[in-house]
Amino acid sequence: MSDTSTTPTTPTTPTTPTTPTLDENSIIAERRAKLAAIRTQGVAFPNDFRPQHKAAQLQLQYGAFEREALEAVAMNVVVAGRMMLKRVMGKASFATIQDASGPKADGRIQLYITSELAGADAHDAFKHYDLGDILGAEGTLFMTKTGELSVKVTKLRLLTKSLRPLPDKFHGLADQETKYRQRYVDLIMSEDTRRTFKARTATLSSIRRFMEKNDFLEVETPMLHAIPGGAAAKPFITHHNALDMQMFLRIAPELYLKRLVVGGFERVFEVNRNFRNEGVSPRHNPEFTMMEFYAAYTDYQWLMDFTEAVIRQAAIDAHGTASLTYQGRELDLSKPFHRLTIIGAINKYAPHYTNEQLHDAVFLKAELAKFGVKPHVISGLGALQLALFEETAEAQLWEPTYIVDYPVEVSPLARASDSVPGITERFELFIVGREIANGFSELNDAEDQAARFQAQVAAKDAGDEEAMYYDADYIRALEYGMPPAGGCGIGIDRLIMLITDSPNIRDVILFPHLRRED
């Protein structure tokens, strides 16, 4: 090892261009010329280099070592990553490469390159490398005088030539739409973005573990449906050429999952995409992820307790605690979730309405008109009350709150209450003013379900594009007998928004839908 008195120090100034900034096309042309020269020397994109160490693990294991102690270890490492910083300093050069091992620990490590150790040819070639290039390096770990874990490089290779320049490292991708459209660049430049999507994976892993621990079987059901069902939504329509029939991208897996309950799978769940041909907003994406689950011999009261436990555990596993901060405001998922009826929520958050007004359909229609809401002509009292709740109370439900006892007319798949006419055993969970989950005791009476479907068909004929179709095969399945059951769907994207403190659903979807660039 080199004498510690000559141990190099970390560059203290950031990488800056030595020439005036060129336009992007000129930079790309220059890099293509470099690649052309590399091609003449042999394989331009080799695939025989195998890194053996990750930057984050090296930082965790050796980052706190004293220089002398690390020198005594003489740890030889083989690393690879994208070059994010570069500085040529006469006889020595520095580079910082980034791999995928962060962000819980630093996913970057510094390379120290000299002609003496790496060879004059390798050092000279390095001087022509560009930020964004992917490098492979082998050498010995050491600590600089400023305390930065680094690699004294003995072997260095260019593995991938980057043809496009990275954004300015201090600002990354400034334009939000570009971040969504070029997520690959956003991931390179932003540790926050990488952290968000690692939290997404951790959330999904937590949910799967929780479900399996509670004896749920993960299944897969069709994404293409002959009849769209399981939710009130407008579907995407496509055509199956071989069968010469119209088909729909699924809006929900519900009716297929309940067919499995009929078949004897008493606890099932599915994590997958749904598609709804509706608007795009900070909380809506036409393609989104849901986790739906069904459990025989349970009801909506059991479901609320279970759903609460699923969400709380996911937050703990992905974030480290159930106590979050969302957009600067505290959000505590560790406390028992609140429960309110639709009328109870209106009374709490819009107390100026009288009980008489809330049960007067004429008044409710007039009041909704003030909010610009025009209910369907066949909307009953329950639907009008729900519409007023959505306008006056929903956005104020910051703390986790179950809204319960939805009217039958807006809950065509939910079991009706045995004690309160016109009400179903249904809930929706709201957190920070957004719906996160929807569940209910399942309707397993085939004749009642058939009548509900007929009512939905009448609503569709009256102009309600989101009303459900009549699904004769599902009715046939129920006629074989489905045990009493409860089912719930949790919006994964919105849950991850909470866990990662993301204001827009596009922030938690790797490739959200956008308008065409042209």
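The legends below describe close-up views of one predicted model.

Residues are numbered from 1 along each chain as its sequence is written. Local features need pLDDT of at least 70, side-chain atom pairs count only at pLDDT 80 or more, totals for chains, interfaces and linings use all residues, and side-chain values use heavy atoms, with hydrogens and water left out.

View 1. The UniProt record, an unreviewed entry, marks residues 197-512 as "domain: Aminoacyl-transfer RNA synthetases class-II family profile". UniProt positions are given in the numbering used here, feature names are shortened, and annotations may be inferred rather than shown by experiment. Over residues 197-512 the chain is 36% helix and 22% strand, with the end C-alpha atoms 13 Å apart. Helices (H or I, at least four residues) and strands (E, at least two) are DSSP runs, numbered from the N terminus.

**View 2. Glu428 and Glu435, annotated as "binding site" in the unreviewed UniProt entry.** Glu428 belongs to strand β16 (residues 426-431), and Glu435 to strand β17 (residues 434-441). Glu428 counts as buried because its relative accessibility is 9%, while Glu435, at 28%, counts as partly exposed; buried means under 20% relative accessible area, exposed over 50%, and partly exposed in between (1.4 Å probe, protein chains only). Contact means heavy atoms within 4.5 Å. Apart from neighbours within four places in sequence, Glu428 is in contact with Thr401, Tyr402, Ile403, Tyr406, Glu435, Ala437 and Asn438. With the same exclusion, the contacts of Glu435 are Glu428, Leu429, Phe430 and Arg494.

**View 3. Helix α14 (residues 381-392) and its surroundings.** The twelve residues of α14 reach 16 Å from first C-alpha to last, close to the 16 Å expected at 1.5 Å a residue; the expected span is 1.5 Å times one less than the number of residues. Nine of the twelve residues are buried, so α14 is largely enclosed by the rest of the structure. The buried residues are Gly382, Ala383, Leu384, Gln385, Leu386, Ala387, Leu388, Phe389 and Thr392. Their cover includes α11 (342-349), α12 (355-358), α13 (361-370), β15 (401-404) and β16.

**View 4. Thr325 in strand β12 (residues 323-326).** Thr325 is partly exposed, with a relative accessible area of 44%. Not counting residues up to four places away in sequence, Thr325 touches Glu330 and Asp501. Thr325 and Asp501 lie 176 residues apart along the chain, and their C-alpha atoms are separated by 6.9 Å.

**View 5. The aromatic pair Phe216 and Phe293.** Rings of Phe, Tyr and Trp (its six-membered ring) pair if their centres lie within 6.5 Å; planes under 30 degrees apart count as stacked, over 60 as edge-to-face and the rest as tilted. By this rule the count comes to 17 aromatic pairs. The Phe216 and Phe293 rings have centres 5.8 Å apart and planes at 90 degrees, so the pair is edge-to-face. Phe216 lies in the loop between α8 (191-213) and β6 (217-218) and Phe293 in strand β11 (residues 287-296), so the pair ties together parts 77 residues apart in sequence. Phe216 is buried at 5% relative accessible area, and Phe293 is buried at 0%. Ring pairs link Phe210, Phe216, Phe293, Trp302 and Phe306 into a cluster.

**View 6. Charged side chains over aromatic rings.** A charge sits over a ring if NZ of Lys or CZ of Arg is within 6 Å of the ring centre and within 35 degrees of the ring normal. The charged end of Lys152 is over the ring of Phe142, 5.1 Å from its centre. Arg329 lies over the face of Trp398, at 4.3 Å from the ring centre.
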